[in-house]
Amino acid sequence: MSIILYELSAKKPETKFSPHCWKTRLALIHKNLSFEGIAVQFGEKEKIKFSGQTLLPVLSDGEVTVADSWDIACYLEENYPKGPSLFTDDAAKALAESIDYWCSTSLSMYIRPLVLMKIYHLIDDDDKVYFRESRENKLGMSLEEFDSKPDEALYLFREELSAVRELLVIQPYLGGLEPSYADICLLGTLLWIACVSDIVFLDDNDIVNSWYRRMLDQYPAAKSIVSQLVND
């Protein structure tokens with residue numbers, strides 16, 4: 001049986017914007033695993049009812065179902081050891097877990113003002129009420145108000161990447177000489193922006209931008225999706 005990845009999408013199935021789903025897609029590509037991607041919109045949770053939960057990504061591998069991008073990465077590493085490694089050793093796994101947590105908390109906090117309004121305009125009309133109400137309840141303000149200071153939001157986002165810049169000065173990838181799951185976590189999070197917005201979120205002279213371009217070159221299957229969305 002083939003591996004099936006259920007991933008969040010906008011109205012157009014090719015518009016994939018979830019950072020967590022991107023992490024899993026990139027992990028599968030990294031390990032050279034063939035898989036089928038199934039797009040799931042906010043209002044299509046019945047597609048993953050079999051998994052017993054409502055969050056994405058969900059991975060189906062034969063009789064095995066795994067949810068949560070981190071758990072999926074660990075599952076792939078353990079069950080498909082012949083493919084390129086996501087964690088070369090315990091230290092690499094600890095680094096990846098730390099980067100994953102930072103991306104999902106601190107960095108994501110600075111990305112949300114750059115993407116939420118954009119996502120709202122890309123999702124199906126039937127999903128917009130849910131999306132607006134759920135996000136505005138958490139934010140304590142309207143999406144429009146949250147989106148009202150793009151220059152400030154972009155500045156704060158770039159500042160949050162300072163620790164990454166320090167690491168990339170001494171090595172080409174977060175995990176060392178080759179990409180690892182630590183790099184995948186950051187790339188997947190940055191694709192959250194790239195897939196929904198045409199803003200220049202990394203300065204041309206930023207060392208993180210050089211890393212970002214190298215990472216996309218490492219994963220041409222992902223690069224083609226991003227390029228298609230940018231050119232649409």
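Trainee: In this predicted model, how many of the 11 residues of helix α2 are buried?

Mentor: The model is a predicted one, and burial here means a relative accessible area under 20%. Helix α2 covers residues 69-79 and is largely enclosed by the rest of the structure, because the number of its residues that are buried is eight.

Trainee: Which elements do the buried residues of α2 pack against?

Mentor: The buried residues in question are Ser69, Trp70, Ile72, Ala73, Cys74, Tyr75, Leu76 and Glu77. Their packing partners include two strands, β3 (58-61) and β4 (64-67). The complete set is α1 (19-30), β3, β4, α3 and α8 (181-194).

Trainee: At the start of α2, which residue has a side-chain oxygen that reaches the backbone nitrogen of Trp70?

Mentor: Trp70 is itself one of the buried residues of α2. The oxygen that comes to within 3.0 Å of its backbone nitrogen belongs to the side chain of Asp68.

Trainee: Are α1 and α2 roughly parallel or roughly antiparallel to each other?

Mentor: Two packed helices are described by the angle between their axes and the distance between the axes. For α1 and α2, the axes come within 9 Å and cross at roughly 10°. Angles under 35 degrees count as roughly parallel, and α1 and α2 are therefore roughly parallel.

Trainee: Which residues of α2 does α1 meet?

Mentor: On the α1 side, the contact involves His20, Lys23, Thr24, Ala27 and Leu28. By class, the contact has four nonpolar, three polar and one charged residues. The α2 residues that α1 meets are Ser69, Ile72 and Leu76.

Trainee: How is helix α3 directed relative to α4?

Mentor: Helix α3 spans residues 90-122 and helix α4 residues 125-139; their axes lie 9 Å apart, at an angle of about 165°. Angles over 145 degrees count as roughly antiparallel, so α3 is, relative to α4, roughly antiparallel.

Trainee: Which residues of α4 meet α3?

Mentor: The crossing of the two helices is left-handed. From α3, the residues taking part are Leu116, Met117, Ile119, Tyr120 and His121. The residues of this contact divide into six nonpolar, one polar and three charged. Those contributed by α4 are Lys128, Phe131, Arg132, Arg135 and Leu139.

Trainee: With which side chain does the side chain of Ser51 make a polar contact?

Mentor: Ser51 is located in the loop between β2 (35-40) and β3. Its side chain reaches the backbone oxygen of Ile48 at 2.6 Å. The side-chain partner, at 3.0 Å, is Gln53.

Definitions and conventions:
Residues are numbered from 1 along each chain as its sequence is written. This is a predicted model: local features need pLDDT of at least 70, side-chain atom pairs count only at pLDDT 80 or more; totals for chains, interfaces and linings use all residues. Side-chain values use heavy atoms; hydrogens and water are left out. Axes are lines fitted to C-alpha atoms, for helices over the stretch in contact, and angles run from 0 to 180 degrees between N-to-C directions. Helices (H or I, at least four residues) and strands (E, at least two) are DSSP runs, numbered from the N terminus. Angles under 35 degrees count as roughly parallel, over 145 as roughly antiparallel, 65 to 115 as roughly perpendicular and the rest as oblique. A crossing is left-handed if the near helix is turned anticlockwise from the far one by less than a right angle, and right-handed if clockwise. Contact means heavy atoms within 4.5 Å. Ala, Val, Leu, Ile, Met, Phe, Trp, Tyr, Cys and Pro count as nonpolar, Asp, Glu, Lys and Arg as charged, and the others, Gly among them, as polar. Buried means under 20% relative accessible area, exposed over 50%, partly exposed in between (1.4 Å probe, protein chains only). A polar contact is a pair of N or O atoms within 3.5 Å; within protein, one must be able to donate a hydrogen and the other to accept it, and residues adjacent in sequence count only if both atoms are side-chain atoms.
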